[in-house]
Amino acid sequence: MFTILEKNDLAAKVYRYVINAPNVARKAKAGQFVILRLIDDGERIPITLADWDPISGTITLYVQAIGKTTTIMSQMKAGDALLDVVGPLGIPSHVEKGKTLVALGGGFGIAAIHPIVRAHKRIGNRTISIIGARSKELLIMEDEMRAASDEVRIATDDGSCGTKGFVTTILKKMLTTHEAMDVVLAIGPVVMMKAVAELTRASDVETLVSLNPIMMDGTGMCGACRVMVGDSVQFACVDGPEFDAHKVDFDLLVARQKMYSPQEKLSMEIFDKLCKAQEQRETAAW
Ligand SMILES: Cc1cc2nc3c(=O)[nH]c(=O)nc-3n(C[C@H](O)[C@H](O)[C@H](O)COP(=O)(O)OP(=O)(O)OC[C@H]3O[C@@H](n4cnc5c(N)ncnc54)[C@H](O)[C@@H]3O)c2cc1C
Ligand code: FES
């Protein structure tokens, strides 16, 4: 049983879940993800492993409610169980000694960079995390990122915390002042990952991004997560999700993410109507 043991409401429709999943927790490595199914006829959604504990047999996930399945998950509470959790999936992040890592996270991307930064720090690499949000109230995991990194720099759109601007504002300044860095890792919205790739291209710093295409089976069979990296067709679920940012076709990624937008919109509208009808029935019963 994949029981939710803890659930916390964080900022901007982001929720933290600690879930009982001993087989995943035993094998998980930084950079990997799971595919969840909540109910019998539900869709499968990929979610990054933000943390895990092989001793207690738990995994920690941060999920942003943006469509039907993530909204259903946002309504689940501690004690509820997910139907299945498949993983760990994907190739673990390559963590090599003697590097200075600069990791940028936006939105759920902060949860995704967390275990990778921690893995680098554990082997003695210097780690600088740059995390961002629209405002201070919407920033997640500041304490966890401070514990996992040598240094944390913060950017908020409105300047309510740290530098006013985007995470790329901070990276741009670091590049301009030739601050030492060997590897840049960016995880978050595609527009942010693409901007990071453009910034580091000129200085030729190794840059990695963790791609988030639509996924279905997570086994390399269905082709849903197809991405172009250089001249090569790659399946993010088995060949990634991390790729060389300077070779990724981000425009294709965006186009493929939007492939089912009308169906996703309709599905959310029907779900909203069902929720409202249920609320009305409950109010009438009172
Ligand atoms: C490897 C990987 C790791 C991920 N890790 C996390 C995570 O840790 N936390 C988290 O909150 N989300 C994560 N995502 C994104 C998450 O899987 C999607 O947000 C989720 O599948 C949306 O499902 P839905 O039914 O709620 O929304 P849908 O109705 O399917 O989609 C709603 C909107 O989101 C867009 N969308 C759909 N799928 C994705 C996607 N894969 N990425 C970005 N936008 C999408 C759609 O175009 C649409 O506009 C990850 C995705 C991948 C591929
Ligand atoms: S999700 Fe089906 S091939 Fe990757």
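Is I270 buried or exposed? In this predicted model, I270 counts as exposed, because 11 C-beta neighbours lie inside 10 Å and a residue with 12 or fewer is taken as exposed. I270 sits in helix α9.

## Domains and their contact

The chain is divided into domain 1 (2-89) and domain 2 (100-257). Taken over C-alpha atoms, the centres of domain 1 and domain 2 are separated by 21 Å. To the contact, domain 1 brings 18 residues and domain 2 brings 19 residues. On the side of domain 1 that touches domain 2, β3 (33-37), β4, β6 and β8 are the elements that give two or more residues. That side of domain 1 is made up of 13 nonpolar, 3 polar and 2 charged residues.

G98 is placed in the loop between β8 (84-89) and β9 (100-106). This glycine is exposed, with 9 other C-beta atoms within 10 Å. Between the C-alpha atoms of G98 and R126 there are 8.2 Å, and along the chain the two are 28 residues apart.

## The shell around ligand 1

There are 27 residues around ligand 1, and G67, T69, T70, F108 and E264 come nearest. Two or more residues of this shell come from each of β4 (45-48), β6 (58-64), α2 (68-74), α3 and α9 (261-285). The largest share, 4 residues, is that of β4. By class, the shell around ligand 1 holds 15 nonpolar, 8 polar and 4 charged residues. Since domain 1 (2-89) and domain 2 (100-257) both give residues to the shell, ligand 1 lies between them.

Two of the elements that give residues to the shell around ligand 1, β4 and β6, also give residues to the side of domain 1 that touches domain 2.

Helix α3 covers residues 109-122, and its 14 residues should span 20 Å at 1.5 Å a residue; the end C-alpha atoms are 20 Å apart, which agrees. Of these 14 residues, 11 are buried, so α3 is largely enclosed by the rest of the structure. The buried residues are G109, I110, A111, A112, I113, H114, P115, I116, V117, A119 and H120. Just after α3, G124 takes a positive phi of about 95 degrees.

The largest nonpolar core has 76 residues, and I59, I130, V167, L185, A186, V196 and V209 have the most contacts inside it. Helix α3 gives the most to this core, with 7 residues. At least three residues of the core are drawn from each of domain 1 (2-89) and domain 2 (100-257). V167, one of the residues with the most contacts inside the core, touches L104, G106, I130, I131, G132, A155 and M192, leaving aside residues up to four places away in sequence.

## Backbone features

Two peptide bonds that end in a proline are cis: the one joining G87 and P88 and the one from G240 to P241. The place of P88 is in strand β8, whereas P241 lies in the loop between α7 (236-239) and β17 (242-244).

M141 is found in the loop between β10 (126-133) and α4 (142-148), and H178 in the loop between α5 (167-176) and β13 (183-187). The angles are listed below.

| Site | Angle | Value |
|---|---|---|
| G87 to P88 | omega | about 0 degrees |
| G240 to P241 | omega | near 15 degrees |
| G124 | phi | about 95 degrees |

How values were computed: Residues numbered from 1 in each chain as written. Chains lettered and ligands numbered in written order. Predicted model: local features only at pLDDT ≥ 70, side-chain atom pairs only at ≥ 80, totals over all residues. Expected span 1.5 Å × (residues − 1). Buried ≥ 20, exposed ≤ 12 C-beta atoms within 10 Å, placed from the backbone. Core = buried A, V, L, I, M, F, W, Y, C linked by C-beta atoms within 7 Å. Domains from an automatic or database assignment. Contact = placed C-beta atoms within 7 Å. Near = placed C-beta within 6 Å. Nonpolar A, V, L, I, M, F, W, Y, C, P; charged D, E, K, R; others polar.
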